[in-house]
Amino acid sequence: MTQLTATGKAQAAPAARRGPRRSRRALVLNLLAVVVGLLVWTALATIGVQGLPNPLEVAGRAAELIGDGTLVTDALASLRRVLIGFLLGTLLAIPVGFLMGWYATARGLLEPYVQFFRTIPPLAIIPLAIVLMGIDERPKIFVIFLAAFLSSVVSTFQGVVDVDRTLINAARVLGASDRTIFLRVVVPASTPFILVGMRVGLGAAWGTLVAAELIAAQEGLGFRMQQAQLYYDLSTIFVGLITIGVLGLLMDRLLLLAERRLTNWQERR
């Protein structure tokens, strides 16, 4: 027994060492990608691509917008809308996805509506949202909510459907109730799908933001970019794009960290 334990520890040690090494390598590659991207951007601006500002011009404009508080105000307004819409969409998508995956009756009743609305871009709902909800924050948040919900619900549903039937049957043979099977087998096995759906939903939420802020917004990154477009202010547009990308990337990294902690039982490459 002692020998087996020692063997297990010996096998686990190299795996533990590979984790930090793999993370450092990924970080180096990420930084290299950023540097290469900046060099390519600078080269394109130098050779005279029409209207393209160089990184230094964009950085200078970002400093101006940060200095007068505009960028912080816009970023917080957009972040608030995305977070509210994303969280509401995800909180509804998870139980709906579980219902569709676990109960055939719920699947038959709900799936036609889910699949129908998935074919309609959330942006196409904007005119209807304005008519029904007015021009305050509600229609902006609603279209973001819809984008996040439709992305997450399908992943959750698919995660429940794809649970290995052998695990469920084994639990039944051992006398587990449906409630126990659902909580101890289905939910853990579906978690990777749910988290992937959340990451896709987060991307859809940020992707819908600019159009959502067309609805009589007075602040927000999308609003600022649309105003800059009127004056052909490409530097401000680039600042808005980069800010959205950075905020979206940070939120995605947090979800990825949660995924690794909640699914550490999975074998990873």
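Student: Which residues does Leu79 touch, not counting residues up to four places away in sequence?
Tutor: Start with its place: Leu79 lies in helix 3, where helices (H or I, at least four residues) and strands (E, at least two) are DSSP runs, numbered from the N terminus. Contact means heavy atoms within 4.5 Å. Setting aside residues up to four places away in sequence, Leu79 touches Trp206 and Met251.

Student: What is the mean pLDDT of the protein?
Tutor: This is a predicted model, in which local features need pLDDT of at least 70 and side-chain atom pairs count only at pLDDT 80 or more, while totals for chains, interfaces and linings use all residues. Residues are numbered from 1 along each chain as its sequence is written, and side-chain values use heavy atoms, with hydrogens and water left out. The pLDDT is the predictor's confidence in each residue, from 0 to 100. Here 90% of the residues reach 70 or more, and the mean is 83.

Student: Which helix has the lowest confidence?
Tutor: At the top end is helix 3, at 92, while the lowest mean is 69. Over residues 1–13 the pLDDT is below 50, and beyond near neighbours in sequence this stretch has 0 contacts in the model. Where pLDDT is low, the predicted coordinates should not be read in detail. The helix with the lowest confidence is helix 1.

Student: How many helices does the protein have?
Tutor: Reading along the sequence gives the pattern α-α-α-α-α-α-α-α-α-α. There are 0 strands, and the helices come to 10.

Student: Is Leu79 buried or partly exposed?
Tutor: The classes go by relative accessible area: buried is under 20%, exposed is over 50%, and partly exposed is in between (1.4 Å probe, protein chains only). Leu79 has a relative accessible area of 22%, so Leu79 is partly exposed.

Student: How far apart in space are Phe98 and Val160, C-alpha to C-alpha?
Tutor: Phe98 is in helix 3, and it counts as buried because its relative accessibility is 12%. Beyond neighbours within four places in sequence, its contacts include Tyr103, Val160, Phe182 and Val186. Phe98 and Val160 are 62 residues apart in sequence, but their C-alpha atoms are separated in space by 6.5 Å.

Student: Which residue forms a salt bridge with Glu213?
Tutor: By definition, a salt bridge is a side-chain nitrogen of Lys or Arg within 4 Å of a carboxyl oxygen of Asp or Glu. Glu213 counts as buried because its relative accessibility is 1%. At 2.7 Å, N to O, the side chain that meets Glu213 belongs to Arg81.

Student: How many residues apart in sequence are the parts that Glu213 and Arg81 tie together?
Tutor: Arg81 is buried too, since its relative accessible area is 2%. Glu213 lies in the loop between helix 8 and helix 9 and Arg81 in helix 3, so the separation of the parts they tie together, in residues, is 132.

Student: Which residues are linked with Arg81 and Glu213 in a network of salt bridges?
Tutor: Look at another pair, whose side chains meet at 3.6 Å, N to O: Arg80 and Glu137. Arg80 is in helix 3 and Glu137 in helix 6, 57 residues apart. The network joins Arg81 and Glu213 with Arg80 and Glu137.

Student: What is the phi of Tyr232?
Tutor: Tyr232 sits in the loop between helix 9 and helix 10, and it is exposed because its relative accessible area is 56%. Most residues other than glycine have a negative phi. Tyr232 has a positive phi, near 55 degrees.
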